[in-house]
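Please find below a short note for a colleague who is meeting this structure for the first time.

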Amino acid sequence: ICVKMFVTPQKQADFDEHIKTGSYIRVQGDCQFDSFEKMNVIMAQSIEKAEKKMRQDRAERKRIELHAHTKMSQIDGVMDVADLIGTAKAWGHSAVAITDHGAVQAFPDAVAKAKGIKVIYGVEGYLVEDIPLPNGKLDYKTNPARHIILLAKNQEGIKNLYKLVSYSYIDYHYKRPRMPRSEIIKHREGIIIGSACEAGEFFRAVTEGKSDEELMKIAEFYDYLEIQPRCNNRFMLRKGMVQTEEELLNFNRKVLEIGKRMGKPVAATCDAHYLNEEDYIYRNIIMAAHGFKELDEEPSLYLKTTDEMLAEFAYLGPEDAEKVVIDDPHLIANMIDDDIKPISDEKCPPKIEGSEERLRTRCYDRAHEIYGDPLPEIVEQRLEKELSSIIGNGYAVMY
């Protein structure tokens, strides 16, 4: 909210000295409509500096979050990239993943903030099955889209991730950017695939009571399985999809059982869409403004500390709780290269054979038309200065 205070020059100097961008302040004043700003503002009567209160992760062994959404998850995430990475780093986490819905627009900001912590670049995609049509084409609109997590393992994985995201918008978009299974298989090199949340095909199969044989067949496609805190799935209880909270816990127990039987890691994630518990109201406001009826009735999708997650999964027993909260997420994070560059250091201009010489020739030909041959010294010097800057920096092809 905008805060206004009419002050003397000396008081203005005090503000400039003590109040900086990012400062936390406590304000006392009247809230009123400002006809100049055309909105409600606080007309401050007094302002004092305050301390920023941050949660701490005091666990000796820290977890790693492998499923988190920033504000680039449209009408869904409300977490700033810097806040996600900064909090994970402040908590002593060695890595954190970014898995926005169908998008990678958070990556540039993440690169700028990835100092002293490994950022895992990923996406939560929308998996659809391929249905062959009589004309030889594929129908990607009939089957429902299931969530899937794709994490770039190396530079080849980043390239394939970008291809899959591009195809999902250009070739397969229907209500949302869909990824056919065939395309994921084709571009799987360098990508670690996770089973995602309750909207993923594997967890849905668990909730539908599929046999162990069917579950294992589905799980073969994934590199790791995912479970989440009970509060993330409590909507099933409210909707009558399950009768008791124990059923929610049994779903996670079944995922862990299948993971153990198949030798696949099982990672406990927050599916974080906002940073702190109280932030859930902001997500509700955004979703309500866009017509969503089912809003969070409790804060669930916030970034949790190691101790919070260990307490949540205590029903698995201490050994298994540590496995899913700490050990397996570290195992997955360690599969990922430390030096992945989602944005190249090079300018990477397109290449057209002979573009530098063609540009130089055309410029000199035009200059001779205007100024004659030989060129006046001042014209030739200026032309060479311009051409050297353009050609020397790889931009001749643009011109």
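1. Buried means under 20% relative accessible area, exposed over 50%, and partly exposed in between (1.4 Å probe, protein chains only). With a relative accessible area of 0%, Tyr222 is buried; Phe221, at 12%, counts as buried too.

2. This is a predicted model, in which local features need pLDDT of at least 70 and side-chain atom pairs count only at pLDDT 80 or more, while totals for chains, interfaces and linings use all residues. Residues are numbered from 1 along each chain as its sequence is written, and side-chain values use heavy atoms, leaving out hydrogens and water.

3. In strand β5 (residues 118-128), eleven of eleven residues are buried. Strands are DSSP runs of E of at least two residues, and helices are runs of H or I of at least four, numbered from the N terminus.

4. Strands pair if DSSP finds at least two bridges between them. β4 (residues 95-101) runs parallel to β5, joined by seven bridges, and His101 stands opposite Glu124. β8 (residues 146-152) pairs with β5 in the antiparallel sense over six bridges, Arg146 being the bridge partner of Leu127.

5. Rings of Phe, Tyr and Trp (its six-membered ring) pair if their centres lie within 6.5 Å; planes under 30 degrees apart count as stacked, over 60 as edge-to-face and the rest as tilted. The whole structure holds six aromatic pairs. Phe203 and Phe251 form an edge-to-face pair, because their planes stand at 80°, with ring centres 6.1 Å apart. This pair links helix α6 (residues 201-207) to helix α9 (residues 245-262), 48 residues apart.
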